[in-house]
Structure formats: C-alpha cells, structure tokens
Amino acid sequence: MTQHTPDLSTPKAPPGAAVLTTAQKAALTSGAGDFVTEAVGDVPALSLSDGPHGLRLPKAAGDGGQLDLHSAAPATCFPPAVALGSSWDPGLAERVAAAIAAEARSHGVHVVLGPGINIKRSPLCGRNFEYFSEDPLLTAEIGGAMVRGLQDAGVGACLKHYAANNQETDRMRVSADVDERPLREIYLRAFELIVRRDRPWSVMAAYNALNGVPLSENRRLLTDVLRGEWGFDGVVMSDWGAVRDRVAALRAGLDLQMPGTGGRTDREVVTAVENGDVSAEELDAAVARLALLARRATTPAAGPSGPVPYEEHHLLAREAAERCVVLLKNDGDVLPLDPAAGTLAVIGELARSPRFQGAGSSQVTPTRLDTPLECLRESADGARVEFAAGYRISGEPDAAEHEELAARAEHLAAGADTVLLFLGLPAQDESEGFDRDHLDLPGAQLALLDRIVAANPRTVVVLSNGGVVRTAPWHERVPALVEGWLLGQGGGSALARLLYGHTAPSGRLAETIPLRLQDSPSYLSFPGEEGHVRYGEGVFVGYRGHDRRGDDVAFPFGHGLSYTTFSYDGLTVRPSERDRQIEARVTVTNTGTRSGREIVQIYSGGPGDSAAARPVRELRGFAAVDLAPGESREVLVTFDRADLAHYSEREGGWHVEGGTYVIEAGASSRDIRCGAQLVVDGDPSGIRLSGRHTLGEWLAHPVGGPLLLEAFARGRAGRSGTDAGAGALADPVMRRFLAGMPLEVIAEFPQSPVPLSQLPALCEQVAGAMVPAAEAAQG
C-alpha cells in the first residue's frame, strides 16, 4: 500500500481569519442546523447528507429534520455496505461512490456522511448492514474506494464511526474497553489504511467511549493517533448529538460539533478562550481545518456536469447488486433456472415487497424499485411464474390467517417444478438504534420452510437480510441457498438475472455465517453491562477466532460459488524489488462449462514460534479474475512486508517477526487451494531491556540474548568449583523454570554468573548495540 507522507505542520489560518472575532470562530465549530454548517467571513456554509449507499435528502430546500427518516427526495439507492462488501470489488465501489457524488453535487450537498467502516465484531450488531466486513483489509479496500470515488468527483467523504463503534446497545454512552493490540490490528486498522492512502476530507467521531474516554473528547485518538501518527489533515466532526463537553472536545481535536445548538455551546467556547481553558491557537487550528474543508468541497468538480443520469445510475445499482449476491449452496446444479420451461413457484412476501435497505439514518427514497417477483415474471421466456405470499412481513396474523397463507404456499409448491422461497428479516428485527436478540429467521418463516421443503424438495431459498442469519440446520435440507442481503433499488432485476443464468454469481462472504450464535467469538462479552463492553476475544474477531478455535461454521469468510468451477496451481511467493512488497502469483483455471469470475484470496500465517498469539491465517490481498471455460490466467496479488507485522506494546508499535511465514491462496478462509513458505527477516527489536525483563525475554532478544550468554560465560570462567548457575541453564527443566523470572531476581542468587551490580552496564551495552542494528535495517 502506498502511503502518504503526512504534513504535521500547524494548519494555516484561513483567509480573513485574523479579522474574525472569537465568537465568529467559535460559531464555525458548530452546525447552523441539522445538516448545515455555519457561514462566517470567507468560510461558506456546507451542506451535509447521510448517504453511505445513496443520499437522504430533505424534500424542501434547506435544512432537513434530523429525526425525519422517511420524508426525503428521491435518490438512487445503491446496495448498502453489507452487500457491497460481498462484491470484493473496489472498482465497483468507486463507481458507485462517483454516482452518489454526482447526485450530491446536483442537490448542493458538499459532504456525504460515509462510508461506515466499523468492523463486524458481533453478528448481532443492529447496524451491521451499514458496514462492509469482519476483516479490516477488505473493509479498507472497499471503503477506501468509496472515499476516492466521492472526493475525485469533488464531494467530501466522512469516514465513520471512529472508533470501536461495534454495537447499538447503549451506543451513546457505552465504553468499548479494548486492549491496544486488537485496537490497532482490528478496530483502527481500516481507518489507518484509508487515512494514510486515500486522504478523506473528514472523519466522524463515534458516540461511544474508548477505554472510558468519550471519542469526542479523546485526544489520544483524535489528535495523537489520527493526526500525529497518520497525518490526517481534515476535519473531525461529531456524530449527531455525541458531544457532552464542547470545550473538552475542542481541546481533544474535535473541530465540528453537529448538529447546531443554537449558539449555546459556541458561548461556552468563547468563555473557555477568554479564561485560558482553550488557547487561541487551538481554536485557530480548528477554524483552519474547517476552512480547508470548505475550500475542498466548494471547488468546482472536474467531472461531468448537467442533469443527473438517473437511468444510468439505476443500471449501475443493478450491476452492483449482481456482484453482491452470494451463492452459498447449489447441490445438483439446481441453479440457474431455465426461463423457458416449467412452472416456478415464487413464495414469500419478500419477493413482492422486498427489503432493499436498512432502517435508520441511512434510509434512501429510491428513484424506482425493481421487485424480484415482477422481474422474474418479466424475464421468464416461456416458464410459468406463480406466486404465494406465505407469510406477512409486519404484524402478527391470527392463527386462521397464518394457516391460510401457509396452506396456499404449500399447495403451490407441491405443483411446481421448482420453488423459489424468499425468506429474510423484517425491518423491526434489525435497525440503527438497537441490536438483534438472536440470529434466527422469524418463526413463521421457519415453519413455512418446513412445509415447503416437504411439499417440494427442489426448493431454492433466497435470503434478504442486513445481518447474517442462522441457516443451520435447515440449509442441509435445501439444494440451493442464495444470500441476497439488502440489494438496493436494482436488487429485484439483479436476482432475476442471476437466478435465470443471464449472469453468474460472483459475490463472496465478507463475514462468517456461524452454525449458532454461541460460536461467535464475541458471544460471552457482547453487548456488555453497566456501561462497559469488554472486547475479550482480542484479535480473534470473525474468521480469525473461528479458525483459531477450529470451529465448524455454516459458511466461512470468503465463501461463494459460481455456476462454474476453478482450480488453482503453482503458487509462488517472493519479495518484490521495490517498496519492500511481497508478490504472490497463482494460476487459476476455469474447469467448468460456463464463464465466471473467481475472487482469489491470499492469506498469511505467522511463524510457528511467534511470541504473540496469532490467527491461523489473515487476509493479505485479493484479486478478481474473469475466465471463459477452459481458460487459465496467472493472478498477481501484492502486499506490503509491513502487513505481516503484529502490534506489540513491548516493541512500542508494529513489529515484523523474523521466521517462516505460510502464504496461502484460497477460495475462502477454509478452502485453501495451495500454499508456499516465505522466510522473512524480522525487524530489529526496539525493546530496551532492563532487569525487570525475564530471563526468557533476554534470551529471546536478538541483541540482549547473545550479550547475556557472553556475560554468563565470563561469569562462569571467573568462578572456581561447581557452577550452579551454569548447571541451571544447562538443565532444560530448570531453564524453563527460570525463564519467567526477572533477570534482576536471578542476579541476586548467590550462584548467578552475573551479579546484580553488573546489570546496569549490561543493559546499557544492549541499548548501545541496538542503535547500529536498527540503522542498518533501515538503510
């Protein structure tokens, strides 16, 4: 990954800033309304809009109501992040974002509040439909592409929700208590990659606290890490209503409080500056960043202008939906269906009244909506398509109505050649604002499933859901299973084209589907209690946890079938001559009879003697390849050597361990096709050894270990008679016994070859030897 060299200089004052009063400067740091910023001096007002997968626009001109989630002007509703993540297609995501930007410009919107890149820690998170994946690399690739697509078209992106915002339960107050290593490797990693590479113009601080400190007041996250380490030069804004202490937030590095407070908190800032609680320089820095955002967002776009091509955008929404559908199972090649023959029973109200997006602040009023039932009928070329609702999506039918709906569906299924059974989650089961209680489909749908499969075993289940649903054990009783997610306004036509074979499925799971909720790595510590949620699974999130524990899963991360098959051969892995990158090459062959797209996934496993508990494998890169029947092609995936690092608190940062790594190519995290070994020289250790470090840590240290053994040898040479210290190190049992003791404790033993008085000099000798070693590694 190419990284931007950060400019850590103090932001320059905006034009006219010198003549602004403190009150005017304070006014710039809060909204003028729900989705509009203040205009002061040379800094114009900016219009903001929810819109991770399309714009939520007020019907009337001007500011829209924050809580009005339904009354909005039409905009193209693209597949939400839960679906787009399953495309594994950054280029597609960039095109979608560019289309959203075109619509934003036409409505005078300067900043789109997205993408959301939080990690799917638990499948119960009610807002998982707004997030891409359980993996930070895949999240960064898709989310970063959306940032580029928006900003290259002249509309600001707002990366959210920073950070560790992984549940809706008590979301405005809960403290996510996360150790430093999982924080860095899992929950900050996608933010870091996108900030360094794609340079988002703004970042949204989350509602929650991190380790007891609210994100809007968290100077370490907002200033030290985001700006100091990663070089972020944009605006940090609050989530809506997240700020409780405006002065503390400003000192921490929060530039913009949203929404506006009618001037109340502006006056608090003015008083704080007058009292010296906030320096004039801190306020000026925030104003300078806001002015920079305004300049960026109001610069005329270089892209095409004129009327928005909504019909083209609808076709793009359909294309995107096609890439997002995941074929989970297809026994006996039940799919694709023949559009020219037989009777097809389409069962399930979701086929007629589809859920195409999640509930909450991201809701879009679509410009049009393709329904699966209508599109299946329109695309049939001789096949007879019949429909039965089977169940109600909302509300509880009485027993008589329930039986009538199910009986009609059962009767229709019994007389059909094939059944398409549409099942999924109603909006009341998953939404922003609350978490799910379980992973199961509604009971009425599961009861209907039993009756339909008994009436006609040739049943294809098509799912519609924003978060994963439990498919076990019923998925074993259906020959084909399609994960349709929430597909946006073009989802109906996309499903029809896929089911009839006009296009081939190429989506891959961006999250694991567990056999049961209890198997989720976060199960025992989600959603927490008494205002705290402990991230007890550490780095073992999603497939990292399932693979490390060896759990059976329903469908693994990265899984997805096509209407053809692929083979992998000849994986080679070698360091690149440039930028300290690693190249993985593998030949992929289409071994089936239809054209298809394969997503080649490259994983790495750490050295077997790693000092850290590491996942069995971690995604390092991926690439898509389109192949005709019988066609072969070499696929190249590159990743940085630095991506092999883990975050070590002892080393004070990212650290690549030396040793033999296993590099694998596969079709999922559980479908590994071939592997190769890669020997990697480790980074020089940055640990400054002291007497409090254990004997084991000293001996494992690349510099301290040899120096300590030399000191032991000198100490033994100066002794006469039996050397108890030497005997202890020679005995493997005693060596393991002593390995956990601090060296200063061992040095106090009368038998120690190195007395306590010599330890300070030995520590200085290690520190002195480390400097040239580090310089040699860098040079």
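Predicted model: local features only at pLDDT ≥ 70, side-chain atom pairs only at ≥ 80, totals over all residues.

Q: What is phi of Asp333 like?

A: Phi of Asp333 is near 50°, which is a positive value in a residue other than glycine. As background, most residues other than glycine have a negative phi.

Q: And is Asp333 buried or exposed?

A: Asp333 has a relative accessible area of 61%, and because that is over 50% it counts as exposed.

Q: Which loop is Trp88 in, and what is its phi?

A: Trp88 sits in the loop between helix H2 (81-84) and helix H3 (90-106), and its phi is positive as well, at about 50°, although Trp88 is not a glycine.

Q: Is Trp88 buried or exposed?

A: Trp88 has 2% relative accessibility, so it counts as buried.

Q: Switching to peptide bonds, which residues does the cis bond with omega of about -10° join?

A: That cis peptide bond joins Lys160 and His161, and His161 belongs to strand E3, which covers residues 156-162.

Q: What about the peptide bond from Tyr162 to Ala163?

A: The bond from Tyr162 to Ala163 is cis, with omega near 5°, and Ala163 has its place in the loop between E3 and strand E4 (175-177). For context, most peptide bonds are trans.

Q: What does Tyr162 touch, leaving out residues up to four places away in sequence?

A: With those residues left out, Tyr162 touches Leu188, Phe191, Val203, Met204, Ala205, Ala206, Leu215, Leu221, Leu222, Val225, Leu226 and Trp230.

Q: At what angle do the axes of H5 and H7 cross?

A: The axes of helix H5 (residues 180-187) and helix H7 (residues 219-229) come within 15 Å and cross at roughly 55°, and the two helices are therefore oblique to each other. The crossing of H5 and H7 is right-handed.

Q: Which residues of H5 and H7 meet?

A: Glu180, Leu183 and Arg184 on the H5 side meet Arg220, Val225 and Glu229 on the H7 side. Sorted by class, this contact has 2 nonpolar, no polar and 4 charged residues.

Q: How do H4 and H6 pack?

A: Helix H4 (residues 136-152) and helix H6 (residues 189-198) pack at an angle of about 35°, with their axes 9 Å apart, and the crossing of H4 and H6 is right-handed. Among the residues of H4 in this contact are Pro136, Gly143, Gly144 and Val147, while those of H6 include Ala190, Leu193 and Ile194. By class, the contact of H4 with H6 has 6 nonpolar, 4 polar and 5 charged residues.

Q: Changing topic, is Asp370 buried or exposed?

A: Asp370 is buried, with a relative accessible area of 10%, and it lies in the loop between helix H12 (349-352) and helix H13 (372-379).

Q: Which residues is Asp370 in contact with, beyond its neighbours within four places in sequence?

A: Beyond those neighbours, Asp370 is in contact with His314, Pro354, Cys375, Gln489, Gly490, Gly492 and Ser493. Asp370 and Gln489 are 119 residues apart along the chain, and their C-alpha atoms are separated by 5.9 Å.

Q: Last one: where is the place of Val680?

A: Val680 is in strand E26, which covers residues 672-680, and at 8% relative accessibility it counts as buried. Leaving aside neighbours within four places in sequence, Val680 is in contact with Arg641, Leu644, Val656, Glu657, Gly658, Gly659 and Tyr661, and the C-alpha atoms of Val680 and Arg641, which are 39 residues apart along the chain, are separated by 8.6 Å.

Key: Residues numbered from 1 in each chain as written. Heavy atoms only, no water. Contact = heavy atoms within 4.5 Å. Axes fitted to C-alpha atoms, helices over the stretch in contact; angles between N-to-C directions. Helix = DSSP H or I, 4+ residues; strand = E, 2+ residues; numbered from the N terminus. Parallel < 35°, antiparallel > 145°, perpendicular 65-115°, else oblique. Left-handed = near helix turned anticlockwise from the far one by under 90°. Nonpolar A, V, L, I, M, F, W, Y, C, P; charged D, E, K, R; others polar. Buried < 20%, exposed > 50% of the residue type's maximum accessible area, 1.4 Å probe, protein only.
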